[in-house]
Amino acid sequence: MGVYHAGSRAVQDRVGVRAQADHVGRSVGRGIREVAAAFLELQPLLVVGAADPSTGRVWASPLTGTPGFVRATGPHRVSVTAAPPPSDPLATAFGTPGTPVGTIALDPRTRRRMRLNGRLTPTARGFAVDADQVFANCPRYLQRRESFELVPDRRPDEPRRTAELTDEQAGFVALADTFFLATVHEEGADDEGSVGHRGGADVSHRGGNPGFVRVDSPNELSWPDYPGNSMFLTLGNLAADPRAGLLFLDWTTGTALQLTGEAHTEFGPERRVRFTLREAIETPSAVPLRWSAPEYSPANPDPAG
């Protein structure tokens with residue numbers, strides 16, 4: 001199975017980076033190497049993205065646990081001993097065998113991140129993912145947070161669902177330095193047209209100095225697409241299927257703000273992504289982790305300039 005589908009190829013060709021994408025794409029495989037397995041077992045947070053089978057809407061959800069709750073249990077499989085609460089918009093997806101999921105494990109302490117995409121199988125203690133794609137990303141735009149602590153008595157409050165951002169939520173988004181972006185794509189041929197390409201899901205990280213995400217209205221956000229690895233997996237997915245899910249976390253209080261809607265890319269002097277909101281879910285105290293203050297990445301552009 002090829003690394004890229006037609007959506008990613010279209011964006012690569014438009015930007016003129018197909019050769020670079022081919023080079024970087026060689027690092028994407030199905031195998032979970034020893035160093036990757038060790039990295040996963042150190043993480044207290046995993047972000048999972050998928051489409052809700054009952055509505056078709058795409059969401060990104062945070063899962064947490066004592067380090068070791070995510071671990072490789074085979075050369076192409078990870079097991080996760082955690083599940084979202086019944087109120088989570090992906091609760092149905094986590095219980096549906098064969099659901100395409102994207103996952104990202106991000107370690108602010110080391111500014112490392114790893115993505116693993118594949119198919120979900122529910123288990124007695126959570127779920128497993130059989131990998132289609134496994135790869136690491138560079139540390140650009142990832143804020144360093146030196147340490148975290150578990151807050152054992154923190155419990156999620158009742159989620160609040162809205163059709164647009166409240167003033168408080170808009171302020172929270174405008175001050176964010178990090179968010180996660182879930183996208184999907186359907187089955188189709190690879191760029192050479194010779195190999196069947198299974199549909200899938202992906203979760204990527206987006207980071208910058210506070211203000212890099214702009215709240216244009218209660219129903220619309222936008223952000224610059226900073227230069228990256230030239231693969232354009234996320235923008236390629238959006239070119240093929242505009243559904244998207246965003247996750248903003250408060251790294252101190254544990255509040256999670258999950259957004260679902262559609263996104264498209266504007267190509268110009270500044271490449272920019274616009275997101276139209278369909279539904280927002282805010283869950284106070286959703287994540288029982290408290291992280292130290294950020295040290296912003298030296299790669300972050302000035303959002304004002």
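Author: What follows takes the terms one by one, for a model that is predicted.

Reader: Which strands make up the open sheet, and in what order?
Author: The order is β2-β1-β5-β6-β7-β4-β3, seven strands with antiparallel pairing.

Reader: Why are β2 and β3 said to stand at the edges?
Author: β2 (58-64) and β3 (70-74) each have a single partner strand, so one side of each is left without a neighbour in the sheet. Neighbouring strands of this sheet are turned by 35° against each other on average, direction ignored.

Reader: How do you know that β5 and β6 pair?
Author: Pairing needs at least two bridges. Strand β5 (residues 100-107) and strand β6 (residues 112-123) have eight, in the antiparallel sense. They therefore count as paired. Val-101 stands opposite Gly-118 in β6, and Asp-107 has Arg-112 as its bridge partner.

Reader: How many bridges join β6 to β7, and β3 to β4?
Author: β6 and β7 pair over 11 bridges, antiparallel. Pro-122 stands opposite Phe-127 in β7, and two residues lie between the strands of this hairpin. β3 and β4 also run antiparallel, joined by four bridges. Gly-74 has Arg-77 in β4 as its bridge partner. A hairpin through two residues joins β3 to β4.

Reader: What makes helix α3 part of the packing on the sheet?
Author: Contact means heavy atoms within 4.5 Å. Helix α3 (residues 34-41) touches β3, β4 (77-80), β5 and β6. So α3 has heavy atoms within 4.5 Å of each of those strands. The direction of α3 makes about 80° with that of β6.

Reader: Why is one space called a cavity and another a pocket?

Reader: How much space lies in the largest pocket, and what lines it?
Author: About 350 Å³ lies in the largest pocket. Of its 17 lining residues, Arg-33, Ala-36, Val-134, Phe-135 and Ala-136 are the closest to its centre. α3, β6 and β7 (126-137) each supply at least two residues. β7 gives the largest share, four. By class, the lining has eight nonpolar, four polar and five charged residues.

Reader: How many cavities does the search find, and what lines the largest?
Author: Five cavities of 30 Å³ or more turn up in the whole structure. The largest cavity holds about 390 Å³ of space. Its lining has 25 residues, with His-205, Arg-206, Tyr-226, Gly-228 and Asn-229 nearest the centre. β6, β7, β13 (200-207) and α6 (233-240) each give two or more residues. The largest share, four residues, comes from β13. The lining divides into 11 nonpolar, eight polar and six charged residues.

Conventions. Residues numbered from 1 in each chain as written. Predicted model: local features only at pLDDT ≥ 70, side-chain atom pairs only at ≥ 80, totals over all residues. Heavy atoms only, no water. Axes fitted to C-alpha atoms, helices over the stretch in contact; angles between N-to-C directions. 1 Å grid on protein atoms, 1.4 Å probe; cavity = no way out; pocket = protein on both sides within 12 Å on 5 of 7 lines; lining within 4 Å. Points joined across faces, edges and corners; volume = space filled by probe spheres on them. Nonpolar A, V, L, I, M, F, W, Y, C, P; charged D, E, K, R; others polar.
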